[in-house]
Amino acid sequence: QVQLVESGGGLVQAGGSLRLSCVVSGNIFSINNMYWYRQAPGKQRDLVASIAAGGTTNYADSVRGRFTISRDNAKNTTLLQMLSLKPEDTSVYYCSGLITSMGTVRRYWGQGTQVTVSS
């Protein structure tokens with residue numbers, strides 16, 4: 001059993017910042033790529049950022065330069081630092097990871113955390 005738990009969402013004014021955290025726990029052999037996605041009401045779930053086990057990162061064009069993804073492998077934690085937030089960043093943010101558990105690699109998802117940016 002593997003669990004991903006996000007935290008750090010909330011309500012912030014435009015121009016503000018938030019830091020999201022995702023902690024992976026359970027029967028883990030290894031954690032490979034980690035991802036942050038977001039989904040606004042009525043829209044598809046979009047990839048925001050990703051980070052490989054070795055630290056290589058990728059970002060959606062809409063957040064590049066404002067968001068930073070990082071990971072602490074010793075703590076099984078992935079962070080998303082969000083700066084200069086805009087109302088269009090309002091979404092439920094989901095953590096996801098490619099995790100090896102009990103001999104199988106599969107994608108796991110967290111329950112999501114709401115981020116609301118007011119104008």
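This is a predicted model: local features need pLDDT of at least 70, side-chain atom pairs count only at pLDDT 80 or more; totals for chains, interfaces and linings use all residues.
**Asp 89**
- You'll find Asp 89 in the loop that runs between E8 and E9.
- Its side chain makes a polar contact of 2.8 Å with the side chain of Arg 66.
- Setting aside residues up to four places away in sequence, Asp 89 touches Arg 38, Arg 66, Phe 67, Ser 84, Val 115 and Val 117.

**Thr 78**
- Thr 78 sits in strand E8.
- With a relative accessible area of 3%, Thr 78 is buried, because anything under 20% gets that label.
- If you skip neighbours within four places in sequence, the contacts of Thr 78 are Leu 20, Ser 21, Cys 22, Met 34, Trp 36, Ile 51, Ile 69, Ser 70 and Arg 71.

**The largest nonpolar core**
- This core has 27 residues, and the ones touching the most other members are Leu 4, Trp 36, Leu 80, Met 82 and Tyr 93.
- Strands giving two or more residues to the core are E1 (2–7), E3 (18–26), E4 (30–39), E5 (46–51), E7 (67–72), E8 (77–82), E9 (91–101) and E11 (113–118).
- E3 supplies the largest share of the core, at 4 residues.

Definitions and conventions:
Residues are numbered from 1 along each chain as its sequence is written. Side-chain values use heavy atoms; hydrogens and water are left out. A nonpolar core is a set of buried Ala, Val, Leu, Ile, Met, Phe, Trp, Tyr and Cys residues joined through side-chain atoms within 4.5 Å. Buried means under 20% relative accessible area, exposed over 50%, partly exposed in between (1.4 Å probe, protein chains only). A polar contact is a pair of N or O atoms within 3.5 Å; within protein, one must be able to donate a hydrogen and the other to accept it, and residues adjacent in sequence count only if both atoms are side-chain atoms. Contact means heavy atoms within 4.5 Å.
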